[in-house]
Amino acid sequence: MLRTYGPACDGSLIEASAAKIPDTATWVDLEEPTSEEEALVERCIRLDVPTESEMSEIEPSSRLYERDGALYMTVSVLYGVQDGVPSTAPISFVLTDNRLVTVRYTTPKPVRAFAEHARRDPALVKDAQTALVRMLDAIIDRLADELEAVSGTMEELSHEIFAQSQQDRRIPVKKLTALLTRIGRVQTLLSKIRYSSVSTLRMLSFFGGSNVVHEEKQSELRHHVASLTTDVTALGEHSSYLIDSLQFLLDASLGLISIEQNAAMKLFSWAAVVFLPPTLIAGIFGMNFRYFPELNFRHGFVVSIALMLASAVGPYLYFKKRGWI
């Protein structure tokens with residue numbers, strides 16, 4: 001799909017058979033473009049549009065470069081969080097003097113939200129540079145919102161792991177399994193947020209060092225780019241802190257599992273010790289020899305039962321006194 005935004009453009013679809021893109025369009029959005037739509041945009045801006053395979057390259061030299069006076073920048077944007085399958089997808093930005101072209105094969109939430117705002121407030125896309133920094137602002141704000149949500153989830157996990165009410169009772173296996181599953185999902189989301197923030201920071205560093213930003217009349221743009229760079233740097237540091245904290249929670253959860261396993265093994269160990277003396281006594285008095293001491297003892301059965309009970313209760317009380325069980 002091909003949509004255009006600007007002072008006199010409301011984001012309406014442009015047919016691939018159109019003669020040209022509206023002259024007032026400052027942002028040209030290509031979503032899963034066809035070859036005809038790419039050809040139309042390339043003919044109007046007189047520049048090549050990155051292909052999907054070129055956007056998938058991960059080396060910085062293939063994602064951030066300048067060609068024929070235009071800036072080519074590709075950033076990995078977070079999406080799929082609400083569906084429970086967080087991932088990142090590349091979005092390419094081609095910035096010319098008067099137009100911003102975006103090429104994408106998915107629709108992340110911040111891009112969708114920015115498009116809706118641009119329809120209602122054309123000032124957000126009054127020129128190509130403004131459209132770019134405003135869209136990056138929306139992407140970074142979304143990353144911050146997701147980090148806040150992750151922080152809340154980690155607080156809940158910490159409470160479940162270290163809850164005072166759990167110190168004197170065993171934790172069910174299903175709960176421990178669910179705990180590890182939640183930690184794994186949070187770790188996946190954090191890694192995607194971290195990857196997206198690093199990608200965005202690289203793009204801002206490249207864009208901030210370009211001639212477009214350092215023009216004398218672009219003081220407001222320089223300030224905005226510097227502010228965005230500071231924000232995404234802080235997000236990266238915060239995500240690193242959360243990753244370290246999550247590792248601590250994972251270690252604590254694994255420690256709880258080890259404690260539960262040790263408790264189970266200790267149960268078998270003291271049970272074996274408690275029932276070993278009665279078993280020995282029963283084995284001795286159960287031997288069927290013809291000449292056996294105490295064979296005709298009238299109270300032999302009662303005495304043997306009493307000995308077995310005493311030999312079982314004695315170790316149990318000793319272990320209980322020592323706090324081993």
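In which helix does methionine 308 lie?

Modeller: Methionine 308 sits in helix H8, residues 300-322. One caution comes before the details. This is a predicted model, in which local features need pLDDT of at least 70 and side-chain atom pairs count only at pLDDT 80 or more, while totals for chains, interfaces and linings use all residues. Numbering runs from 1 along each chain as its sequence is written, and side-chain values use heavy atoms, with hydrogens and water left out. Helices (H or I, at least four residues) and strands (E, at least two) are DSSP runs numbered from the N terminus.

Back to methionine 308. Leaving aside neighbours within four places in sequence, methionine 308 is in contact (heavy atoms within 4.5 Å) with Pro278, Ile281 and Ala282. Alanine 282 is 26 residues away along the chain, and the two C-alpha atoms are 7.5 Å apart.

Now to H7, residues 219-285. Helix H6 (residues 173-208) packs with H7 at about 160°, the axes 8 Å apart. Axes here are lines fitted to C-alpha atoms, for helices over the stretch in contact, with angles from 0 to 180 degrees between N-to-C directions. H6 and H7 are therefore roughly antiparallel (over 145 degrees; under 35 is roughly parallel, 65 to 115 roughly perpendicular, the rest oblique). Their crossing is left-handed, meaning that the near helix is turned anticlockwise from the far one by less than a right angle; clockwise is right-handed. The residues of the H6 contact with H7 comprise 21 nonpolar, 10 polar and three charged. Nonpolar covers Ala, Val, Leu, Ile, Met, Phe, Trp, Tyr, Cys and Pro; charged covers Asp, Glu, Lys and Arg; the others, Gly among them, are polar.

Next, H4 and H5. Helix H4 (residues 109-120) and helix H5 (residues 128-162) pack at about 135°, with 9 Å between their axes. H4 and H5 are therefore oblique to each other. H4 passes H5 in a right-handed crossing. From H4, Lys109, Pro110 and Phe114 meet Ala131, Arg134, Met135, Ala138, Ile139 and Arg142 in H5. That contact counts six nonpolar residues, no polar ones and three charged.

Then the rings. The structure holds four aromatic pairs, counted when Phe, Tyr or Trp rings (for Trp, the six-membered one) have centres within 6.5 Å; planes under 30 degrees apart are stacked, over 60 edge-to-face, the rest tilted. Phenylalanine 162 belongs to H5 and phenylalanine 248 to H7, so the pair ties parts 86 residues apart in sequence. Phenylalanine 162 is partly exposed, at 40% relative accessibility.

Last, two backbone points. Glutamate 32, not a glycine, has a positive phi of about 45°. Glutamate 32 is in the loop between S3 and helix H1 (35-45). Arginine 46, in the loop between H1 and helix H2 (52-55), has a positive phi near 60°. Arginine 46 counts as exposed, at 75% relative accessibility.

How values were computed
Buried < 20%, exposed > 50% of the residue type's maximum accessible area, 1.4 Å probe, protein only.
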